[in-house]
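Please look over the sequence and the model below before reading on.

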Amino acid sequence: MPETFYEVMRRQGITRRSFLKYCSLAAGALGLSPAFAPKIAHAMETKPRIPVLWLHGLECTCCSESFIRSAHPLAKDVILSMISLDYDDTIMAAAGDQAEAIIDETIEKYDGNFILAIEGNAPLNEDGMYCIIAGKPFVEQLVRVSQHAKAIISWGSCASWGCVQAARPNPTRATPTHKIPGIADKPIIKVPGCPPIAEVMTAVITYILTFEKLPSLDSQGRPKMFYSQRIHDKCYRRPHFDAGQFVEKFDDEGARKGYCLYKVGCKGPTTYNACSTVRWNGGLSFPIQAGHPCIGCSEDGFWDKGGFYDRLTDVHGFGIEANADEIGKTAAGIVAGAAAIHAGASVIKRIASKGDDA
Amino acid sequence: MATITTPNGFTLDDSGKRVVVDPVTRIEGHMRCEVNLDESNVIRNAVSTGTMWRGLEVILKGRDPRDAWAFVQRICGVCTGTHALTSVRAVEDALGIDIPENANSIRNIMQLSLQVHDHLVHFYHLHALDWVNPVNALKADPKATSALQQSVSPHHPKSSPGYFRDVQTRIRKFIESGQLGPFKNGYWTNPAYLLPPEADLMAVTHYLEALDFQKEIMTVRTIFGGKDTHPNWLVGGVPCAINMDGAMAAGAPINMERLNYVRSVTQRTIDFVNNVYIPDILAIAQFYKGWLYGGGLSGKNVLAYGDIPDRANDYSPENLMMPHGAIINGNLKEVHPVDLRDPEQIQEFVPHSWYKYPDEAKGLHPWDGITEPNYELGPNAKGTKTNILQLDESAKYSWIKAPRWKGHAMEVGPLARYIVGYATGHEYFTDQINRTLSALDLPVSALFSTLGRTAARALEAQWAAEKQMYFLDKLIANIKAGDSNTANTTHFDPKTWPSEVKGVGFTEAPRGALGHWIRIKDTKIENYQCVVPTTWNGSPRDSENNIGAFEASLMNTKMEVAEEPVEILRTLHSFDPCLACSTHVMSEDGEELATVKVR
């Protein structure tokens, strides 16, 4: 019998009572009623581990590196007790023929019942030979495995959108998962970010395992639970934006007081991600808190949307109320009309998108 | 080919059985390796191939140089930050920007924490399974394991028999579930594994402990850079402003609480390296010290640029805390200075790489490089262009170029740095080497091996963790002396820039010497070139048929089982290959490239 999450917690000295308490807290954190707690407990106690084939295309491995930084749950517990990470060329013991045999075996044994996780993307130029696995184009491996998977997770901005190697002029024609010719018609969950937040990655996995279903996705295929708000919406520096207090240049008085980074290029107003809420590395910080503007790394084509230090608009001298709206309008205009303003009555104006229910 | 002797002194014989390993796993990126074995299963020819190419520098052409760090940081998410640091240094060199002392200390803390993290994760999670057999750990006696732990590392708190019994039970349940995850299809019956069960259990336990702990190490970069992987950097300094006791210090990037956090993590990092990583290396080496294969180029040609400037803005070897220099033909008595600007010193060759030069007998300096992809297989290759069964190394066979220093193939990385440090009398490094060799009762010549490479990495982690604390103290002392500056923004505005400049930046990445060369014209990037550690180590042959460090290191190694590449993986992993880094070199002709290859 495979080890379950419950057993892991028991072995770490956690009693069943505390475990159930944990489950009700988890239910609360996920916005569920306490009635869900028993269900979570049941799922974690009994579920065998679902096989995951984690393929790597053109990428930099930052997604894997982020994943192992997960504070809760620990990457160790995900790998040993929640999933069966049967293929991941970054950490697997086997190589060459013995590694590739695992793909065949998984397809045979778990056809339609494993998760395909993709880090990176496939280049289509040069017949795919800008990324070679076992002597063949990576794209062949990707398409084949997709046809037997239950669902697909596109980790990071590479698999979701194309990311850096797909930035203009995209010399290798690096192509995100959902645009690969021949990719199977399976649910694709995009978890963008360069990389995605570790705890977001592990939360997507534990959500699927716990609730035995895929998370609700927005119109672009991202889990609503983490990607329905802009960084700007919940930024702790937002009051300074509303008050018209800005960092004018790096290391000035405003920078030392934690003022808004909008004028030095912050893309928080147009970036959907959980950085300002979940934050990074166990909730320790996020780019804006450490003084650098958001570069928008979870957005489609963020490399080609102007310089990282160019402000979203050139409006000067705006103050508290109406001008904040001005900024919002201009900012929203940057994302090619996908966004619109919902003027609010309060000091804090929300910027929301038509594309989802934020 | 049958038999040839290369100018750098290796006899290659391709007449025996060919073994192909593709993919080489537990590395960053994608790589293939082919070897020929003689009748005794000894490697007599080795062919290493980079199997990916992303073309990042062409993407950089025409961009804002201040943004370049973010692009090139995405060359690699494992050595995350080192390319970014190299990039801001290249831009600052081109524009003549000096950074504040605090920025230098903070950058050094970030770079040193990367060294520790990268080395630790490499050893435990990419390399350990070449030495450690998790299945064999099931046979261990937890009491004896506890005794072993306490003897090799008396200060490590997790050492009770009950602790090891719990871990063993967990591993047993995992293995008995039949779902072996990352351990699936491993080579667990191969006689190349030499550890007794207790050492295996201790090491597997630390595989898990290290997996838990590594995420702490990098949090110092979350403090200074806002996130990790891929923290944020800034041309002219660092983005994290300091506010120790002014109004709103609590919402400022750096305040007392943040610095205390960094101190706490740094101390725990030092403890973990001293109590777990170093003792494990010594314990494992005791059982493998008869296995001294894999020296390759390390006893001949090694190269280091140096890094970690003590004072800001001085990149001369005297001010760099990591060693600088080149050693040729194993002559440790002479350490040559290396000039990254000299067009005659560092050059890249392509006769065996999937690129095209007008004259492939010649090499090109990175400032003048050309990169035009040219994917083709040699006449003796087997298979097709999209289904390679066997490569022909007499022709082009890799997406990696062949960099040479004054015509020599060089090894770079922790071992190269330790050899240069040893030769130049780097006190700390020399002392570490002497203590390690004496603990293992090995001669200096044992350094030039796979084991030496793996040990040097651990020693460097120990050095880096201590120096991380040194720079934290230095940062605080400087703030105390009244200097809170973190960024020089005098030349941040492109309007202040000259119309045409060029610069070079370098670091010692975890995997070795790293250089970025930039040309800026009318405030935009005109040309950007990177020559990275795995380009040096994973280099294919050059026009003279010199083999690179990976290939050289595999020569004459005996394999226990021809079909199970344990020894090949062990030696290749000792370099910590990073293929995404090595295989993206790009040049001025970039735009053509985008159209040439569209099919």
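Which residues in α4(B) meet which residues in α7(B)? On the side of α4(B) they are S113(B), V116(B), H117(B), L120(B), V121(B), Y124(B) and H125(B), and these meet H206(B), Y207(B), A210(B), L211(B), Q214(B) and I217(B) in α7(B), where two residues are in contact if their C-beta atoms, placed from the backbone, lie within 7 Å. The residues of this contact divide into eight nonpolar, five polar and no charged; here Ala, Val, Leu, Ile, Met, Phe, Trp, Tyr, Cys and Pro count as nonpolar, Asp, Glu, Lys and Arg as charged, and the others, Gly among them, as polar.

The model is a predicted one, in which local features need pLDDT of at least 70 and side-chain atom pairs count only at pLDDT 80 or more, whereas totals for chains, interfaces and linings use all residues. Residues are numbered from 1 along each chain as its sequence is written, while chains are lettered from A and ligands numbered from 1 in the order in which they are written. Helices (H or I, at least four residues) and strands (E, at least two) are DSSP runs, numbered from the N terminus.

Two packed helices are described by the angle between their axes and the distance between the axes. For helix α4 (residues 101–127) of chain B and α7(B), the axes come within 10 Å and cross at roughly 160°; axes are lines fitted to C-alpha atoms, for helices over the stretch in contact, and angles run from 0 to 180 degrees between N-to-C directions. The two helices are therefore roughly antiparallel to each other, given that angles under 35 degrees count as roughly parallel, over 145 as roughly antiparallel, 65 to 115 as roughly perpendicular and the rest as oblique. The crossing of α4(B) and α7(B) is left-handed, a term used if the near helix is turned anticlockwise from the far one by less than a right angle, with right-handed used if clockwise.

Helix α7 (residues 197–217) of chain B also packs with helix α6 (residues 161–176) of chain B, their axes coming within 10 Å and crossing at roughly 80°. That angle makes α6(B) roughly perpendicular to α7(B). In this contact F164(B), V167(B), Q168(B) and I171(B) of α6(B) meet L201(B), V204(B), T205(B) and L208(B) of α7(B), and by class the residues divide into six nonpolar, two polar and no charged.

Both α6 and α7 of chain B are among the elements that give two or more residues to the side of chain B that touches chain A. This contact takes 93 residues from chain B and 81 residues from chain A, and the side belonging to chain B has 43 nonpolar, 30 polar and 20 charged residues.

Turning to the strands of chain B, strand β5 (residues 43–50) has eight of its eight residues buried, so it is largely enclosed by the rest of the structure; a residue is buried if 20 or more other C-beta atoms lie within 10 Å of its own, exposed if 12 or fewer, and partly exposed in between, with C-beta atoms placed from the backbone. Strand β4 (residues 31–37) of chain B pairs with β5(B) in the antiparallel sense over seven bridges, and two strands pair if DSSP finds at least two bridges between them. Within this pair M31(B) stands opposite G50(B), and the hairpin that the strands form has five residues between them, with N41(B) in the turn having a positive phi of about 65°.

Elsewhere in chain B, three strands form an open antiparallel sheet in the order β14-β15-β16. Its edge strands, each pairing on one side only, are β14 (500–509) and β16 (524–531) of chain B, and the twist averages 15° from one strand to the next.

Chain A comes to 13 helices and eleven strands, and buried residues make up 57% of its 358 residues. In strand β1 (residues 50–56) of chain A, six of the seven residues are buried, so β1(A) is largely enclosed by the rest of the structure. It pairs in the parallel sense with strand β2 (residues 83–88) of chain A over five bridges, and L53(A) has Y87(A) as its bridge partner in β2(A). Five bridges also join β1(A) to strand β3 (residues 115–119) of chain A, again running parallel, and there the bridge partner of V52(A) is I115(A).
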